[in-house]
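The sequence and structure are shown below.

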Amino acid sequence: MLQNELLACFEELAPVALAAPWDNSGLQIAAHRDEINHIAVTLDSCPESVQKALAIKADLIFTHHPLLLSPKYLNNLDDTYYKTASLLIKNDIPLYSAHTCLDSMPVAFWLADEFGLTNRKILEPTGEIENIQYGIGVCGELASPLFPDTFYTKLCKFLPHTRPFFSIGKLPESIKSIALCGGSGSSLMDEAKNFGADCLITGDTKYHTALDLTQESKDFAIIEVGHHCLEEEMMKRFALILQKRLPDLRISFIPSKDPFIQIME
């Protein structure tokens, strides 16, 4: 498949128009090659992922996290940015990233599908395409209320993880509505509350946000599961979507490691 045709396909699957103003989604590193036969899909734009993609002879790398959010000089040989860009340019491999624009697409709500959430509402709208609203984060209702212990059990079953989850605040005795946001989504806590959510599952939470939440009298909790696991699973599922959309191409998912390593039980 021609590279320009493939880039157009990416734009359809995760329109850059839906990206946040501060984001850097789209083509990160250009390449001369025209024909693309093998795409490597992975979470991060880093040397380790590029090396793995080269080892399996991928022609293009598709990541969630961009190479950089703002311009930077290639003036440090030990810099991750330099090492990544150097590997890509030397091997004539294009790098494409879909960051907040992919966060706005249904694949980002895969955990909502696992919980079977209905009557869904977008927490932070990012745009409308053909009268369909897209955005970051979602809130929905469970088919049947869950006790906290049952909720935690389901969460651990649905969400692959390598380190502990944390509960901030207080869950109600009966959980009827759940909000979800991959990455650092605690800034959408008020939106989740306004939609009637009993909790918000997200990746990262700032200390003072957590501290303030513990002082509230109303039952509501943020469930912090780590930035990596929600988005790693999203990219694994996106690779399957890409394979279905492009059956004549080889699509390989390259697993990544959570940079946070648990050192004590």
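What radius of gyration would a compact globule of 265 residues have, and what does the protein have?

## Overall dimensions

A compact globule with 265 residues would have a radius of gyration near 18 Å, and the protein agrees with this at 19 Å. The radius is taken over C-alpha atoms, and the globule rule is 2.2 Å times the number of residues to the power 0.38. Along the principal axes, the C-alpha atoms fill a box of roughly 60 × 45 × 30 Å.

## Basis of the model

The model is predicted; local features need pLDDT of at least 70, side-chain atom pairs count only at pLDDT 80 or more, and totals for chains, interfaces and linings use all residues. Residues are numbered from 1 along each chain as its sequence is written, and side-chain values use heavy atoms, with hydrogens and water left out.

## Secondary structure and burial

The protein contains 9 helices and 11 strands, defined as DSSP runs (helices H or I, at least four residues; strands E, at least two) numbered from the N terminus. Of the 265 residues, 51% are buried, that is, under 20% relative accessible area with a 1.4 Å probe, counting protein chains only.

## Nonpolar cores

A nonpolar core is a set of buried Ala, Val, Leu, Ile, Met, Phe, Trp, Tyr and Cys residues joined through side-chain atoms within 4.5 Å. The largest has 54 residues, and I39, F62, F115, F151, I178 and I201 have the most contacts inside it. Helix α9 (residues 227-245) supplies the largest share of this core, 7 residues. A second, separate core of 15 residues includes I136, C181, A210 and L213.

Key: Buried < 20%, exposed > 50% of the residue type's maximum accessible area, 1.4 Å probe, protein only.
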